[in-house]
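Please look over the structure shown below before reading on.

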Amino acid sequence: MHRLGSSPGVRAVVVALLAASLLLCGAITVAGGAPGAPGTPDGPSAPTEPTGTFEFVDGASAEATAGSLDGSGSNAADVGDEDTIGVRNELSATDEAGTVGVTTTAHVPDRVTGLEITLLTANDDRVEADGFERADDADGTETWVWDGETERPSLTYGMAANVSTEESGPLATGGTYRFVDTGGWALVRTPRVRIRGSYTGEPRIRSARENVVDGEGVASQAIAFLGPYEERVHEGDEQRYRLIVPEAAEMEATPEEVFGVFEGAADSLRVGGVDDEVVAIAAPTGEVTWAVRGLQTGDADLWVRDGEPTGTADDVWTHEYVHTRQAYDAEASARWFTEASATYYAALFALDRGATDFDAFERTLARGERDPAASSVLADPGSWERNADYTKGSLVAGEIDRRIRLASDGRASLATVLRDLNEDSAPVTNRAFLDAVEAAAGESGDDEAAAGVREAAERWITTSDAPETWNADAHAEAFGETPARIGYALADDGVRATGEYRNRSLEDDPVRLVAGETLALAVDVSNTGGTTGGYDLSLSVDDETIETRNGTLDADEETTERFERAFTEAGEYAVRVGSESLTVVVSDPADALVRGIAIDADRVTAGESVVVTATVANDASIPAGSELEFRVDGETVGTEPVRLDVGAETTVEREVTVPASVDGDVATVGVVGPVDEASTTVTVERDGDGTDGSTDAGGSTDADGSTDDSGGTDGADGDAGGLTDDGAAGFGPVVALVALLSLLGLSSRRRSR
């Protein structure tokens with residue numbers, strides 16, 4: 001048998017064909033995938049199918065399937081968590097009044113397969129998109145679809161800053177704004193967006209949000225302030241408090257007082273719903289008419305007008321803080337309780353901490369007794385008159401609190417009801433509220449008493465009936481003795497200036513002193529509470545404690561403490577004593593003015609003295625202090641100090657000697673002050689002076705030339721005191737002889753040496 005062979009050329013062709021076939025099969029396998037793999041084996045591959053969808057909305061869910069877009073306050077939007085989709089809103093000031101710029105940037109995890117963002121607070125200005133394309137929703141909202149490729153897609157747009165409204169109620173002011181951009185600063189809401197999308201894998205996609213300000217400013221979950229500010233922080237037992245004080249604000253309350261209010265309310269309301277951080281902004285009032293005295297929004301963000309104090313029964317700082325602790329959702333029939341409890345607790349906590357007395361507490365609640373508010377049905381918001389939820393509501397809340405305390409023997413209170421409502425995830429109805437009231441009142445086991453409390457509460461809530469306010473004795477029975485309430489107030493005429501300029505009371509807005517004066521303060525300390533309490537009262541200057549007084553007061557007792565502080569240098573000082581703050585402005589004294597001069601004689605003998613009286617005055621608005629110079633013919637012969645109160649005039653006397661060496665027969669006597677002077681003249685006489693200027697041994701020469709009664713003769717030779725023969729006065733023959741003998745004696749002594 002003959003076997004066929006192959007030549008080398010044929011073998012090469014076969015090898016080449018086999019290699020080409022293998023390469024072609026490999027390419028088909030890569031493109032089509034293995035059998036049973038996702039995609040179609042007969043054609044091109046398809047995208048991986050998503051395993052879930054998400055929807056998040058700022059603030060609250062838009063529908064049952066949507067969640068809230070969390071604002072954690074951290075940098076959650078930039079951490080790169082593959083299970084979290086993040087939204088970062090950066091706010092900035094613009095040149096357009098009433099508009100704030102916003103850039104919203106998304107962090108998109110790899111597991112997210114699709115993303116849409118709807119801008120809920122954008123204005124009508126153009127939107128600059130990076131990584132998004134416009135796709136309007138059917139409802140006309142502005143929705144943007146992610147291109148699926150951009151790693152950090154963003155939208156830049158304008159947001160209306162001004163929110164105006166007509167408010168009513170005890171916290172209304174008759175003003176305009178809830179939020180505003182003034183040009184110099186802005187207090188605004190944070191932007192709101194809705195995000196929807198799809199994802200693959202497990203677990204479910206979460207959300208995080210961050211709000212920041214580009215430049216000076218601060219942003220929290222629900223509020224942002226743009227502009228210069230100072231931040232004060234207080235770490236409480238359970239919460240951190242941030243107080244934002246804009247440069248444009250002038251706070252009535254101190255940061256310490258605000259933090260004290262928050263801490264006191266937190267300690268009294270152990271009701272759950274505790275947020276890690278509370279952000280409060282002091283809203284400047286200089287150029288803005290706010291619609292309300294304060295506003296709480298978001299979970300734990302609030303603003304209060306800068307002029308609001310903390311020491312009243314309608315303290316707004318407490319009112320807004322209480323809102324941050326209300327974690328329930330209320331249906332219409334229970335909606336009254338939100339403002340009612342905030343108003344009631346503001347008054348009660350002020351009473352408890354001694355910031356107000358029982359009379360003010362009672363007056364606040366008694367508003368609910370008056371029609372038409374009293375006849376309103378709290379369970380029916382449509383019937384409310386004159387802000388019944390604040391007025392009648394706070395009275396009803398207070399009376400329910402008092403009755404729960406009595407029925408439960410102090411084991412429960414209205415705070416117990418609030419805690420139960422916060423723990424209920426379902427919206428609160430009137431029935432749920434009454435159930436919580438009855439449960440709290442029955443904590444002592446007295447079911448009959450608990451049922452009675454519920455029955456009374458239901459009547460006040462569902463009918464036009466209203467309770468009456470209780471008196472101090474009833475309050476003490478239910479709440480215990482009213483604690484010591486120590487208060488401080490400047491006494492009548494309690495601000496005085498003492499020293500060499502004046503000793504009298506002063507106005508205190510501001511207190512004006514001059515260097516060297518002493519500020520004297522009298523502070524009335526009173527205890528309007530029901531028990532004995534101690535006080536610790538300090539005087540501080542520029543935050544430095546100068547002096548402290550303490551003591552104990554019985555109920556209804558008062559005393560007066562006095563402080564003094566000398567100011568030696570000009571400047572402006574912040575003085576605080578107790579709850580009173582004073583601005584003290586210290587200046588150098590003004591100059592006293594010389595009004596006139598007088599002397600007690602027209603003629604004076606040289607070398608003797610005259611009394612000079614200067615009239616001086618002070619026309620300045622501060623005391624005057626100067627040294628006056630007394631001069632004779634331009635030479636200073638003495639000085640006298642002068643101290644004058646505002647508007648005062650006085651005289652200054654000094655005995656001045658006219659020197660014997662003064663020239664002439666007239667001397668000029670003057671008084672010289674710092675800015676002006678006055679002068680007069682006095683005739684100067686000398687001992688022995690006559691009218692013709694001649695003098696004999698016995699006295700002055702008479703006007704007719706005759707001798708006086710010393711014995712001199714007219715025109716005759718005189719004695720040693722008379723005239724010589726040649727008319728030389730006092731040089732006669734005897735005198736000449738004596739002189740000659742003296743010369744001869746002197747010559748003889750010299751030769752003997």
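In which helix does Tyr345 lie? Tyr345 lies in helix α4, which spans residues 336–352, where helices (H or I, at least four residues) and strands (E, at least two) are DSSP runs numbered from the N terminus. The model is predicted, so that local features need pLDDT of at least 70 and side-chain atom pairs count only at pLDDT 80 or more, while totals for chains, interfaces and linings use all residues. Residues are numbered from 1 along each chain as its sequence is written, and side-chain values use heavy atoms, with hydrogens and water left out.

**Surroundings of Tyr345**

- Tyr345 counts as buried because its relative accessibility is 3%; buried means under 20% relative accessible area, exposed over 50%, and partly exposed in between, with a 1.4 Å probe and protein chains only.
- Leaving aside residues up to four places away in sequence, Tyr345 touches Leu269, Thr318, Val322, Leu414 and Ala415, a contact being heavy atoms within 4.5 Å.
- The C-alpha atom of Tyr345 is separated by 7.3 Å from that of His319, although the two residues are 26 residues apart along the chain.

**Salt bridges between separate parts of the chain**

- Across the whole structure, a search finds 37 salt bridges, each defined as a side-chain nitrogen of Lys or Arg within 4 Å of a carboxyl oxygen of Asp or Glu.
- Arg454 forms one of these with Asp435, and the closest N and O atoms are 2.6 Å apart.
- Because Arg454 lies in helix α9 (residues 447–462) and Asp435 in helix α8 (residues 430–441), this pair ties together parts that are 19 residues apart in sequence.
- Arg454 is buried, at 15% relative accessible area, whereas Asp435 is partly exposed, at 38%.
- Asp645 and Arg502 also meet through their side chains in a salt bridge, with an N to O distance of 3.8 Å.
- This pair links distant parts of the chain, 143 residues apart, with Asp645 in the loop between β35 (635–644) and β36 (649–657) and Arg502 in the loop between β22 (486–498) and β23 (504–505).
- Asp645 is buried, with a relative accessible area of 17%, and Arg502 counts as buried at 7% relative accessibility.

**A further pair and a network**

- The side chains of Glu629 and Arg631 form a salt bridge at 2.8 Å, N to O; Glu629 is partly exposed, with a relative accessible area of 27%, and Arg631 is partly exposed, with a relative accessible area of 27%.
- Glu231, Glu235, Arg240, Arg242 and Glu277 are linked in a network of salt bridges.
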